[in-house]
Amino acid sequence: MGSRALWLAAGMLVALVSTSGGVAVADSSVHIRVDQAGFAPGEEKQAYLMAARALPYRVVDARGRTVLSGTAGRDLGRWNAAYQHVFELDLSALRTPGRYRITSGGASQTVTVAPAKALDGPAGKVLGFFGEQRDRRHKGDRAASVYDWPEFTGPDTDQIKGELKKIGGPVDVAGGWYDAGDYLKFTHILAYADTLLWAARRDGGRNARLSAEADYGLKYLDKMWDGATKTLYIQVGIGAGNAEGTFAGDHDVWRMPAADDSSPEKYLRSRPVFRAAAPGEPISPNLAGRTAAAFAVAAQVTPSREKAAELLDKAAAVYAMAKTEGVGQLVTSLPHAFYPESVWRDDMELGGAELALAALRLGDRRAAGWLQDAAHWAAAYLEHDAGSDTFNLYDVSALGHADLVRAMRAAGVGALPVSEGELLGDLRAQLEIGKKRADADPFRAGARYDEFDAVPHAFGLAVTSQLYSDISGDRRYDGFGTRQRGWVFGANAWGVSFVAGVGSHAITCPHYQMSNITGRPPIGAVVNGPNAASLFDEGLGEHMENMKPCPADGVDRYAAFTGRGSRFVDDVRSWQASEPADDFAAVALYALTLMSRH
C-alpha cells in the first residue's frame with residue numbers, strides 16, 4: 001500500500017501462451033491457467049485446470065504428435081461458487097525445444113521451448129518501465145522551495161489542513177523516477193528501487209541498460225542527500241490539496257507531466273519539497289539504512305575504484321545519521337499512510353551489510369565495524385521483527401541476511417552477534433510463511449491476494465528462494481519460487497499477467513496517466529494485482545476529467561473469477577488493483593534477473 005492506495009481515497013524456457021486471443025471468457029466452464037513468461041527445463045512446471053471434474057489432457061508438438069497425456073491430477077481446492085475445483089496439470093516432462101499445444105475440455109494453450117535467457121525479455125520490458133518513469137518535465141524542480149511538514153485532516157487521508165509553510169530553498173531536485181501512476185517522488189521508494197537495480201546489476205552480470213538506469217536513480221538520490229548540511233530530502237510534491245480548497249495536489253488532476261509547468265495550480269507548477277529532519281539532526285533509520293544501501297551496492301560494482309570510494313563515503317555519511325534510539329513513527333512519506341512502514345532494523349542490517357561488502361572490495365579498514373553493525377541489527381531484527389512479513393518494500397531482511405552472510409564469509413569473521421545459521425534459518429522461515437499459504441491455495445500463491453501488494457510479495461518470495469539457494473546450496477524452495485513467478489504471469493484464477501506487455505494475456509488498462517492519455521502501451525508496468533473484494537464494494541467511481549475510459553465498454557471481464565475474498569479489475573479507475581509502481585517493478589526485475597541465470 002502506498003500513495004497509489006490513497007489516489008482516490010482522500011538454461012531453456014517453456015513459454016505458455018493463450019490461443020484465445022487474450023480475452024478472458026467468463027462463460028466458459030473450463031480454463032487452463034499457466035505461467036505466460038515460461039519455465040526453465042529443470043524447473044517444476046505446473047498448469048492449473050479450472051473445471052467441474054478432472055478431465056483428460058494432452059500435449060502435442062508442432063507436427064501434431066502427442067508427447068504428453070493423462071488425466072488432470074490433484075484437486076487443489078475450491079476457488080469460488082462457479083469454480084469449485086482447480087486441478088493440477090504436471091508439465092515437467094516437457095524439456096525438448098519446440099512448440100507444443102496443451103488441450104483439455106475445449107481449453108487450449110500453446111507451449112514453446114526456448115533459451116533460458118528468454119527471461120531477459122520480460123526483465124528488459126520491466127527495465128524499460130523505469131525509462132518511462134523518468135521525470136524529464138518538471139522545470140520547477142530545478143530550484144524548488146522546501147516546506148515544513150503539513151498537517152493533515154485525518155490519519156488516513158492526504159488532504160492537507162491549512163496552508164503550507166515555506167522554510168527553505170531553493171534546492172535542485174530535478175530528475176528521478178515518478179513513484180507510481182502519479183508524479184510524486186519519494187526517497188523511501190527510490191532508495192529501495194535503486195538498491196534492487198544495483199543488486200540486479202551485481203548479481204546478474206554486465207548489462208549496459210541496467211547500469212545506466214541504476215546510475216540515473218543514484219544521481220537523483222545524490223541530490224536528495226545534502227552531505228554539506230547533512231540533510232535528506234524525502235518527497236517532491238503533495239498528494240492532495242487542502243480542505244479549504246485554496247490549492248490542489250498531484251492526485252487531484254489527471255494530466256501529462258508536461259502540463260505542470262504551466263499549471264494554474266501553484267503546487268503543481270512549483271512543487272514543494274520536504275525533508276526527513278532538520279539539517280544535522282538524526283534521520284529515521286529506515287531511510288538512513290536503505291539510502292546507504294543504494295550508494296554502497298553501487299560502490300560494489302562501479303568499475304572506477306576512485307568513484308567507488310566516493311560512493312562508499314556517501315553511504316557511510318548517511319548511515320551514520322540514523323536515529324536508532326527513541327525511533328517513534330518511521331518517516332517514509334507525507335502522509336505516513338501513503339507508505340506505512342513500521343520495521344526498520346532490517347534496513348539498518350541491509351545498509352551495514354552493503355557497506356561492509358563495498359569496504360571489503362576496496363580494502364577499507366572500516367569493513368569490520370560495519371560488519372559488526374549489520375550483525376547487531378540482524379540479531380535485533382530476529383528478536384523483534386522476524387515472522388512479521390516477507391521480502392518487499394517494507395521488509396528487506398532477506399537481501400540483508402543474504403548479503404550479510406556473503407560479507408561474513410568474505411571477511412572470515414566468526415565472533416559476531418548473529419550466526420550464519422541463524423540468518424539462513426530466518427530465510428527458510430520467510431519462505432515457509434509463503435509455502436504454508438501456497439499449500440492451502442488452489443493456485444499455489446504464497447502471497448496474500450486479499451490485501452495490498454500481492455504481486456510484489458509474490459516476486460519477493462521468488463527473490464528469497466533464489467537468495468536462499470545461492471548462499472545455502474539448498475534448492476528445496478526452487479519449485480516454490482517458480483510457482484510464485486508463475487502466479488504473477490497468469491497462473492492465477494484470472495488468467496492474467498500482472499506485468500503489462502508480458503504474456504499473451506496481460507493487463508491492458510492500468511491506472512497510469514501517461515499511457516491512458518497517450519494511448520501508448522504501458523510495457524513493463526507491474527501492477528498491484530488482486531486486492532480485497534471489499535475495496536470495490538462502492539464501485540470504481542466516475543472517470544476523472546481527461547481520463548479515457550478503459551476498457552472502452554466498461555465491462556469487467558474478470559467478475560466471474562472473484563473469489564476467496566479477492567477481486568481483480570482491469571480498469572483505469574481500479575487504483576486498488578491496476579496501479580503500477582516503482583517498487584513493484586524493482587522487485588520484479590530483481591527476481592527475473594536472478595531466475596534467468598539458471
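**Notebook: rings, charges and helix packing**

I started with a charge over a ring: the charged end of Arg-33 sits over the ring of Phe-561, 4.9 Å from its centre. This is a predicted model, so I keep that in mind throughout. I looked up another case of the kind and found the charged end of Arg-134 over the ring of Tyr-216, at 3.9 Å from the ring centre.

**Aromatic pairs**

Next I went through the rings. How many aromatic pairs does the structure hold? I get 23. I picked out Tyr-48 and Phe-443, whose ring centres are 5.6 Å apart. Their planes stand at 65 degrees, and the cut-off for edge-to-face is over 60, so I log the pair as edge-to-face. Where do the two residues sit in the chain? Tyr-48 is in strand 3 (residues 46–50), while Phe-443 is in the loop between helix 10 (420–439) and helix 11 (454–472).

**Helix 15 and its partners**

I turned to helix 15 (residues 582–595) and looked at helix 1 (residues 120–133) against it. Their axes come within 9 Å and cross at roughly 150 degrees. I therefore call helix 1 and helix 15 roughly antiparallel. The crossing is left-handed. On the helix 1 side I find Pro-122, Val-126 and Phe-130 among the contact residues, and on the helix 15 side Ala-585, Leu-589 and Leu-592 are included.

Helix 11 also packs on helix 15, with the axes 9 Å apart and an angle of about 35 degrees. Here too I get a left-handed crossing. From helix 11 the contact includes Phe-459, Gly-460 and Val-463; from helix 15 it includes Phe-584, Val-587 and Ala-591. Ala-588 of helix 15 turns up in the contact with helix 1 and again in the contact with helix 11.

**Gln-484**

Last stop was Gln-484, in helix 12 (residues 478–488). Is Gln-484 buried or exposed? Buried: its relative accessible area is 0%. I looked for what surrounds Gln-484 beyond four places in sequence, and its contacts are Ala-438, Arg-444, Ala-445, Gly-446, Ala-447, Ala-458, Leu-461 and Ala-462. For Arg-444 I also took the C-alpha separation from Gln-484, which is 7.6 Å, with the two residues 40 apart along the chain. Ala-462 is also listed on the helix 11 side of the contact with helix 15.

Definitions and conventions:
Residues numbered from 1 in each chain as written. Predicted model: local features only at pLDDT ≥ 70, side-chain atom pairs only at ≥ 80, totals over all residues. Heavy atoms only, no water. Phe/Tyr/Trp six-rings, centres within 6.5 Å; stacked < 30°, edge-to-face > 60°. Helix = DSSP H or I, 4+ residues; strand = E, 2+ residues; numbered from the N terminus. Lys NZ or Arg CZ within 6 Å of the ring centre and 35° of its normal. Axes fitted to C-alpha atoms, helices over the stretch in contact; angles between N-to-C directions. Parallel < 35°, antiparallel > 145°, perpendicular 65-115°, else oblique. Left-handed = near helix turned anticlockwise from the far one by under 90°. Contact = heavy atoms within 4.5 Å. Buried < 20%, exposed > 50% of the residue type's maximum accessible area, 1.4 Å probe, protein only.
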